[in-house]
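The sequence and the model come first, and the notes follow.

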Amino acid sequence: MRESILIVDDEPRIRELMLEILESDGFRVVACESGPRALERLRRDSFQLILTDLMMPGMDGLTLVRKARALDPTLAAVILTGHASTDSAVSALRSGVDDYLVKPFEVDELREVIRRTFERQRERLASEELLAMLGAARPADESASTTLHDRIRCAQAELQAAESKLHRRTRELEVLREITRTGAYGYDLDGWLEHSLEAICRGLDVAHGRIFLEDEGRLRVRVRFGAESASSAHEFVSVPLRAGNKSIGLLHLAGRNGAGGFPSGVAEALAAMAGGIAAAIENHRLVKCVRETQLQATYALVQGMEAKDSYLRGHSDRVTRYALDTARAIGLPAESQAVLRYAGQLHDVGKIGVPEAILHKPGKLEPEEFETLKTHVEIGAQIVKHLDFLGEARPVIRHHHERWDGKGYPAGLAGGEIPFLATIIAVADSYDAMTSDRRYRRAMNRDQAASELRRGAGSQWSPAIVDAFLRTSIVSPTAVPLEVA
Ligand SMILES: [Fe+2]
């Protein structure tokens, strides 16, 4: 009798494609578009295997498998899943589904999973049959009993092998889940690649791994895991990283821990992992590109505003440079420096919403004019609100005019209440204002500005930041990095 398969998928295109392939392979195949329809069919027809999509409206694949098994406990089950639902696929394998297939899949992958599942089902049924026969055998018939024991031992060994294969598949899927769960959407692509490569190497018991990325037409090692050894050169697998039709790199693993080398079928798991990595790299590039465009457009606002006023020209660039020098002097991590770079460039972007008559007024501002000028911090925070990746820079922009003694604006925050990076921008901003010409006064020299900072440390500015600032090469040519508690 032909082996029979029940396909369940709500996407007609995938359903028909699988039906066509499996029918041409000689199976008896029936396709249904939903879980309830499939159960209806199972009540009047028998199948050896159910191949069902995981995510379907009405009834999901796991519920369907559970209900189908209640009708026929011998039914083998394979789940179709997308990358995003690998969590469910892992729990599916743990809850007794025989295998899974990640969409989109190759025709050969489908055939291999079906072949493997039928093979495992035959082993399981044969073993159960033998156990039943043993139970029925008479103890007096020694030779028959011994033969049955041998056959059962054999079947049990086969079952164990199948179980360890399943265990390996589960671990592979967990690695894939780890890769797709974290994604490379931040700016730290290398950190993410290192994390993913480590997860792959540990998940597959591999001693050494490398990820190569295309760089100006050449493959260069981007990240590596573990130490290379002479023995690892003998046994390795390499999988291309592809974005669409374009090759963007290579995942290379070498030196499998323990005996037995790379198991058959590992290439299939690696291809899925390489697909996850390649997709994340492409996403990262796209996100970075969009962010850069948004940033350039926002920087252009600042530059346009500064271009109108010769006294302001270059102010944001200098504030950024001073703030970054200070950040490096106190050993701030790269992520904080990145936030500071945005905040420095954009700290006064809100001045675009302040009338030019106030911005360019020669001489002292009237109290109400000063109140209007103060709104630039709130306007700036509003402008960057829509750029989600500038989330951490927003409070820095909003609070860069707070004072250490709480007499600043907009919120009157004091001391440690002020966002830390805003205290750096405040010092850098003030120093540049003091050392630049204004319509109503000449610039101070470096020493005068430094004395002003010293005088205002603890009242207008953070004493620790003033201390750090004064020891940078901005004001002190023999600067030494220092620590701030
Ligand atoms: Fe400002």
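Two strands are taken to pair if DSSP finds at least two bridges between them. Helices (H or I, at least four residues) and strands (E, at least two) are DSSP runs, numbered from the N terminus. The model is predicted: local features need pLDDT of at least 70, side-chain atom pairs count only at pLDDT 80 or more, and totals for chains, interfaces and linings use all residues. Residues are numbered from 1 along each chain as its sequence is written.

**The chain as a whole**

- The chain holds 17 helices and 9 strands.
- It has 485 residues, of which 33% count as buried; a residue is buried if 20 or more other C-beta atoms, placed from the backbone, lie within 10 Å of its own.
- Of the contacts between residues at least 6 apart in sequence, 61% join residues at least 24 apart; a contact means that the C-beta atoms, placed from the backbone, lie within 7 Å.

**The parallel sheet**

- Five strands make an open sheet with parallel pairing, in the order β2-β1-β3-β4-β5.
- The edges are β2 (28-32) and β5 (99-102); each has a single partner strand, so one side of each is left without a neighbour in the sheet.
- From one strand to the next, the twist averages 20°; axes are lines fitted to C-alpha atoms, for helices over the stretch in contact, and angles run from 0 to 180 degrees between N-to-C directions.
- Strand β1 (residues 4-8) pairs with β2 in the parallel sense over 5 bridges, and Leu6 stands opposite Val30 in β2.
- Helix α2 (residues 35-44) lies across β1 and β2 and runs at about 155° to β1.
- Helix α3 (residues 61-71) also packs on the sheet, where it touches β1, β3 (49-53) and β4 (76-81); its direction makes about 160° with that of β3.

**The antiparallel sheet**

- A second open sheet has 4 strands in the order β7-β6-β9-β8, with antiparallel pairing.
- Its edges are β7 (218-225) and β8 (236-243), each with a single partner strand, so one side of each has no neighbour in the sheet.
- On average, neighbouring strands here are turned by 25° against each other, direction ignored.
- β8 and strand β9 (residues 246-256) pair in the antiparallel sense over 8 bridges, and Leu241 has Gly249 in β9 as its bridge partner.
- Helix α8 (residues 266-307) packs on this sheet, touching β8 and β9, and its direction makes about 40° with that of β8.
- Helix α7 (residues 189-203) lies across β6 (206-215), β7 and β9, running at about 65° to β7.

How values were computed
Contact = placed C-beta atoms within 7 Å. Buried ≥ 20, exposed ≤ 12 C-beta atoms within 10 Å, placed from the backbone.
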